[in-house]
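The following exercises are to be worked with the sequence and the model at hand. Each task is followed by a solution in steps.

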Amino acid sequence: MAGHAAGRDKTAERPVGSALERAGHFVWLTARVLEQRRFALHFLDGDADAVETALLAYHNDDDGYGHALDPDLRGPSSQPLHAAHALRLLDETGRCSGQRVERLCRYLTAVSTADGALPTVSPTPPGHPRAPWFPATDRSPGSLLATGPVVGALHANGVWHAWLFRATDFCWAAVDALEKPHPGEALAALTFLDSAPDRARAEAAAARLGRLVRDQHLVALDPERGGTRGTRDVDAPWEGADEARFAYDFARSPESLARRWFSDAEIDRSLDFLEHAQQPDGGWPLRRRPWAPAPRLEWRPILTIESLLTLRAYGRPVT
């Protein structure tokens, strides 16, 4: 009887309702406070102040962000990729300005490499775990992966700081030098180009990048057949090498320069796939092999919110 009751309880807990209602059930059940408040902001008329308050828990005395804000970098230490994550949230809440960003730029200046860029990973004390695709070195070179999203977010919000001048030059040089990018590099380049001040140059660079993405099979245009790692025969140094990328991963909204890379049919096919990828528990899946239990648990609510936002940006019903 006890086993029968337990099975009945599990069935009762499976969420029902619209995609949004099922996703909400998943978020309330599994997400960190930060993602719960972000979900409420976007879909339940929640308060931006609540998101910013939750984000403060990840802020460090060096004015960077740590404490696994990016779930693949564990431990309390500040990291450039945490800063990129924080800027995305500040952009969403309309708070990417003022003293909070001035202080963050001081942190970025302090951790920059000799060429004015950000390393993918800064050195951390022993015992702070990280995903296996992040290099464990004492000194990492400047990277487009870390620098592009940060520079893009700051330009998108009209921020000007001395750090931005060299960092922007680095991004332009890195984008122009791309020949066989990994999907993570292409996404970072796109984030920069979507907000780069020189719009004519950005559009030309994005068109070239789109040709690389398509010609090198960095995007799965038929999602039902799965993805590809592209034509570069190397292991991914910064993300799960088995993670497929789809058209909606690049063109997160119709306003992105990447929308021009895909036909209407290709975008619709990818959105159909995204819409139907919602799991029975209400959340969207992590498409790469998890390297530890906590990152898998923490990433899924983030991916769930981003999936809903992408669907909504294209006018797909989520309510």
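**Exercise 1: The packing of α5 and α6**

α5 passes α6 in a left-handed crossing; a crossing has this hand if the near helix is turned anticlockwise from the far one by less than a right angle, and is right-handed if clockwise. By class, seven nonpolar, no polar and one charged residues form the contact of α5 with α6. The model is predicted: local features need pLDDT of at least 70, side-chain atom pairs count only at pLDDT 80 or more, and totals for chains, interfaces and linings use all residues. Residues are numbered from 1 along each chain as its sequence is written, and side-chain values use heavy atoms, with hydrogens and water left out.

Task: State at what angle α5 and α6 pack, and identify the residues that meet.

Solution. 
- Step 1. Two packed helices are described by the angle between their axes and the distance between the axes.
- Step 2. α5 and helix α6 (residues 98-111) pack at about 165°, and their axes are 11 Å apart. Axes are lines fitted to C-alpha atoms, for helices over the stretch in contact, and angles run from 0 to 180 degrees between N-to-C directions.
- Step 3. The two helices α5 and α6 are therefore roughly antiparallel. Angles over 145 degrees count as roughly antiparallel, under 35 as roughly parallel, 65 to 115 as roughly perpendicular and the rest as oblique.
- Step 4. From α5, Pro80, Ala83, Leu87 and Leu90 meet Arg100, Leu104, Tyr107 and Leu108 of α6. Contact means heavy atoms within 4.5 Å.
- Step 5. In the class count, Ala, Val, Leu, Ile, Met, Phe, Trp, Tyr, Cys and Pro are nonpolar, Asp, Glu, Lys and Arg are charged, and the others, Gly among them, are polar.

**Exercise 2: The chain as a whole**

Task: Determine how many helices and strands the protein chain has, and what percentage of its residues is buried.

Solution. 
- Step 1. The protein chain has 13 helices and zero strands. Helices (H or I, at least four residues) and strands (E, at least two) are DSSP runs, numbered from the N terminus.
- Step 2. Of the 319 residues in the protein chain, 53% are buried. Buried means under 20% relative accessible area, exposed over 50%, and partly exposed in between (1.4 Å probe, protein chains only).
- Step 3. The protein chain exposes about 14700 Å², of which carbon and sulfur atoms supply 52%.
- Step 4. Among contacts between residues at least 6 apart in sequence, 64% join residues at least 24 apart.

**Exercise 3: Helix α3 and its neighbours**

Solution. 
- Step 1. On the α3 side the contact is made by Val33, Leu34, Arg37, Arg38 and Leu41, and on the α4 side by Ala48, Ala50, Val51, Thr53, Ala54 and Leu55. The contact of α3 with α4 comprises eight nonpolar, one polar and two charged residues.
- Step 2. Asp45, which follows α3, has a positive phi near 55°.

**Exercise 4: Helix α9**

Task: State how many residues of α9 are buried and which helices they pack against.

Solution. 
- Step 1. Ten of the eleven residues of helix α9 (residues 183-193) are buried, among them Pro183, Glu185 and Phe192.
- Step 2. The buried residues of α9 pack against α7 (144-156), α8 (162-177), α10 (199-215) and α11 (247-250).

**Exercise 5: Two individual residues**

Task: Classify Pro76 and Ser307 as buried, partly exposed or exposed.

Solution. 
- Step 1. Pro76 lies in the loop between α4 and α5. Pro76 counts as partly exposed because its relative accessibility is 37%.
- Step 2. Leaving aside residues up to four places away in sequence, Pro76 touches Asn60, Gly66, His67 and His128. The C-alpha atoms of Pro76 and Gly66 are 4.9 Å apart.
- Step 3. Ser307 belongs to helix α13, and with 6% relative accessibility Ser307 counts as buried.
- Step 4. With residues up to four places away in sequence not counted, Ser307 touches Leu274 and Trp284.

Key. Areas by Shrake-Rupley, 256 points an atom, 1.4 Å probe, with all protein chains shown as cover.
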